[in-house]
Every structure is written in structure tokens, then in C-alpha cells.
Amino acid sequence: MLRSKNKAQTALEMMFIAGIILIGIALVVPSYFEENKLTSVVTYIRTSASRACDYLNMGVFSNDPRYSVLNPALERLNGLNPNLRVLRLGTSQINNTIIITVVLTTPYSAIDNETLASAVESFIVHDLSTTTNLALSNGTLVYGDTIVNIIVRVER
Amino acid sequence: MKKGQLSLDLLFAVLLIIVTITNITYLATSEITHAESFDTFTKVKLFSSTLVDHSAKVYAIGEGYKIREVAPDLNGGTIRIIFDGTTNRIIVNATVNDRSFWITKNSTVPLCNSTVNLNSNEEFWIVAYYNTTEGMLYVKVEK
């Protein structure tokens with residue numbers, strides 16, 4: 001009698017501990033995924049931006065649909081190596097919108113930064129929508145229920 | 001806890017690790033296709049620079065001089081070299097797996113209109129050619 005009562009008591013304690021662990025999981029998982037989402041979006045954009053820079057620096061044209069977006073900008077460079085690189089990345093999150101600012105830098109002053117910036121921007125949007133799990137809807141990138149806005153600037 | 005039994009929190013930790021690993025693997029696989037493209041970009045770029053350099057050398061040495069060149073290995077792709085005499089440009093056009101890669105380079109020496117189509121690792125020559133009617137030295141490509 002006493003033995004079986006003890007047994008039931010342990011089971012109850014175990015359930016209590018299990019309950020605490022489950023509540024812990026329920027609290028940690030959503031925030032973990034949220035963090036993971038932001039981190040992966042930033043990583044995607046970072047690699048995509050440096051790929052765009054590499055392509056423009058290389059100066060080799062391609063009809064590969066992933067890179068052909070950059071061809072008009074590359075033509076405008078007229079054979080000059082722009083020495084582009086990613087200077088910094090900034091993120092800000094407001095409710096369901098993540099705004100990611102990519103700042104590229106080039107030592108040349110004769111380069112038309114507006115064309116470069118918009119070309120790199122459309123390259124990143126196109127690259128992310130085709131190679132990653134971000135989707136394009138009405139011209140904006142969407143990741144799950146989060147809207148991702150990308151702003152590219154070229155500085156000297 | 002019994003020996004060999006997995007605890008709930010350990011399983012949970014494993015789950016989080018798996019999520020992170022899947023993410024990294026996903027990123028890595030998408031990176032592979034880009035890396036393959038960049039491999040071709042680099043080869044085409046390097047080859048075009050070599051062509052500009054060697055045509056200048058051939059011109060400097062003078063009439064009748066030839067340099068043997070070897071096309072880069074483009075994983076079964078073909079390459080087309082165009083020496084454009086009117087704009088004085090060297091155009092290298094590679095085709096790998098139905099994708100084209102091309103680059104235009106300005107030549108420092110006068111060129112004669114000539115074109116060669118090559119397979120990977122195929123030989124060709126850069127030749128200094130003297131045009132007797134014009135009395136000018138030109139550089140051209142031939143197989």
C-alpha cells in the first residue's frame with residue numbers, strides 16, 4: 001500500500017518537472033526561431049551582396065539568369081574594376097517588417113552609384129527569391145509572415 | 001533516470017542544434033552553384049588578361065612571331081576568341097552548360113579581324129602578321 005502510494009507520488013513529481021520543461025520549451029522555441037529567421041535573412045543578404053560585388057569586380061558578363069540583372073550596370077562601368085566591397089550591414093525591425101541596409105563602398109568617384117545601388121538591390125531581391133526560402137510577393141520579399149525590405153547604398 | 005534513457009531537455013537541445021545545422025547546410029548547398037559559376041568567371045577573366053598580355057608581347061617581338069596558347073579547361077565547355085580589328089578589342093566568349101560568359105578587353109596593339117572556336121584545352125596560336133599592302137603589323141589568332 002505504502003509502496004504503491006510512493007510510486008504515484010514520484011510519477012506526480014515527474015509530471016511536474018516535465019511540465020516545467022515543456023513550458024520552458026514553449027517559451028524558448030518561438031523566440032529561437034524568430035532570432036534564427038533574422039540571422040538567416042541577414043546571412044543570405046550578406047552573401048548575396050558580396051556575390052554581386054564579386055560579379056561586378058570580375059567584369060565577366062554572363063547570361064546566367066541569376067547574374068544577368070547586373071549586366072546593364074556592368075556595361076556602364078565600361079571595363080573598369082569598381083573594387084566594390086560590402087562595408088556594413090544594418091538591421092532594424094518594426095513589427096512585421098525587417099529593414100536591412102547594405103552599404104557598399106568603392107574608391108572611385110566617377111562611378112554612377114545610383115545605377116550600381118539599384119542594380120545590386122534588384123540582384124539581391126532576385127537572388128534571394130530564387131535560391132533561398134524567401135518569397136517575392138508584389139515586388140517585396142516575404143519570409144514567413146515577415147516583410148523584408150532591402151536598401152542598398154554605394155558610398156566612397 | 002534509467003541508464004540509456006534520453007531526457008526530454010536533451011532531446012530539445014538536439015532539436016535546436018538540428019534546426020541550426022539544417023539552416024547552415026541549406027546555405028552551403030545554394031553556395032555550390034554560385035561557386036561553380038565563379039570558377040568559370042575567374043577562368044575567363046584570367047584567360048582574357050593572358051590574351052591581352054601575350055598579343056602585346058607578340059607585337060613587340062615582330063613579324064612572323066607566334067606564341068602557342070592553350071584554352072582553359074572549362075569542364076567540357078567551348079570558348080570563342082574574337083579579335084576585332086575595327087574597335088581594337090579582344091572578346092572572349094565561353095559557353096559552359098548552355099550558359100554564356102563573355103568579356104571584352106581593349107587591346108593595346110593593333111589587331112586583325114580573326115576568330116577561333118576552341119574546345120577545352122585546345123591549342124591555338126597568337127601570330128604577328130605583317131600586312132604588306134598597308135605596311136602595318138597586326139596581331140591575329142589562328143588554330
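Student: What does Arg68(B) form a salt bridge with?

Tutor: Arg68(B) pairs with Glu123(B), with the closest N and O atoms 2.5 Å apart. A salt bridge here is a side-chain nitrogen of Lys or Arg within 4 Å of a carboxyl oxygen of Asp or Glu.

Student: And where do Arg68(B) and Glu123(B) sit in the chain?

Tutor: Arg68(B) is in strand 1 (residues 66-70) of chain B, and Glu123(B) is in strand 6 (residues 123-131) of chain B. The pair links distant parts of the chain, 55 residues apart. Helices (H or I, at least four residues) and strands (E, at least two) are DSSP runs, numbered from the N terminus.

Student: Why does Arg68(B) count as partly exposed?

Tutor: Because its relative accessibility is 46%. Buried means under 20% relative accessible area, exposed over 50%, and partly exposed in between (1.4 Å probe, protein chains only). Glu123(B) counts as partly exposed too, at 41%.

Student: Before I go on, what am I looking at?

Tutor: This is a predicted model: local features need pLDDT of at least 70, side-chain atom pairs count only at pLDDT 80 or more, and totals for chains, interfaces and linings use all residues. Residues are numbered from 1 along each chain as written, chains are lettered from A and ligands numbered from 1 in the order written, and side-chain values use heavy atoms, leaving out hydrogens and water.

Student: OK. How many salt bridges over all chains?

Tutor: 12. One of them joins Arg51(A) and Asp127(A), at 3.2 Å, N to O. Arg51(A) lies in helix 1 (residues 2-58) of chain A and Asp127(A) in helix 3 (residues 113-131) of chain A, so the pair ties together parts 76 residues apart in sequence.

Student: Are Arg51(A) and Asp127(A) buried or exposed?

Tutor: Both are buried.

Student: Switching to the interface. How many salt bridges cross between chain B and chain A?

Tutor: The rule finds 2. Arg51(A) also meets Glu31(B) in a salt bridge, 2.8 Å from N to O.

Student: Which part of chain B gives the most to the side that touches chain A?

Tutor: Helix 1 of chain B, with 19 residues. The contact (heavy atoms within 4.5 Å) takes 25 residues from chain B and 31 from chain A.
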